[in-house]
Amino acid sequence: MSLCCCFKLEIEANKPLEQDMNNEQVRNAQEILKGLGYVPGRTDGYFNSDTTKAVKAFQHENDMRETGKIDSKTAMMLEEAAVKEMKKEKNDLQLQTALRMLTN
């Protein structure tokens, strides 16, 4: 699992994100889900049934109510999980490159 730093780690879910929505916030959530190892199906901002399944899986693993919708609580948990994943040593590309250079 690795998260790309080319997307926003922020999901503005003033109104819950749900199936058949299509916007930038959904795309951000899909990218985060994918980076965390879930399978949202697509990452173009269209919230399809695969995205719903990925959200439910995330909610299940985080002891949340499994609605398949991204409300403000789910958005916050996704953001926190993404930041935590990015801080892992194995996901720090600069550190990994420096370590490889030192060992060569």
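Good morning. The model is a predicted one, in which local features need pLDDT of at least 70, side-chain atom pairs count only at pLDDT 80 or more, and totals for chains, interfaces and linings use all residues. Residues are numbered from 1 along each chain as its sequence is written, and side-chain values use heavy atoms, with hydrogens and water left out.

I begin with the overall fold. The protein has four helices and zero strands, in the pattern α-α-α-α along the sequence. Helices here are DSSP runs of H or I with at least four residues, strands are E runs of at least two, and both are numbered from the N terminus. Of the 104 residues, 36% are buried, where buried means under 20% relative accessible area, exposed over 50%, and partly exposed in between, with a 1.4 Å probe and protein chains only. The accessible surface comes to about 6600 Å², and carbon and sulfur atoms hold 50% of that; the areas come from the Shrake-Rupley method with a 1.4 Å probe, and for residues only the protein chains shown count as cover. Among contacts with a separation of 6 or more, 41% join residues 24 or more positions apart, a contact being heavy atoms within 4.5 Å.

I turn now to helix 3. This helix covers residues 72–86, 15 residues in total, and spans 21 Å from first to last C-alpha, close to the 21 Å expected at 1.5 Å a residue; the expected span is 1.5 Å times one less than the number of residues. Which residues of helix 3 are buried? They are Thr74, Ala75, Leu78, Glu79, Ala82 and Glu85.

Next, the pairing with helix 2. The axes of helix 2 and helix 3 come within 11 Å and cross at roughly 80°, which makes the two helices roughly perpendicular, a term for angles of 65 to 115 degrees. Axes are lines fitted to C-alpha atoms, for helices over the stretch in contact, with angles from 0 to 180 degrees between N-to-C directions. From helix 2, Val55, Phe58 and Gln59 meet Thr74, Met77, Leu78 and Ala81 of helix 3.

Finally, Gln30 lies in helix 1 and is buried, with a relative accessible area of 0%.

Methods. Parallel < 35°, antiparallel > 145°, perpendicular 65-115°, else oblique.
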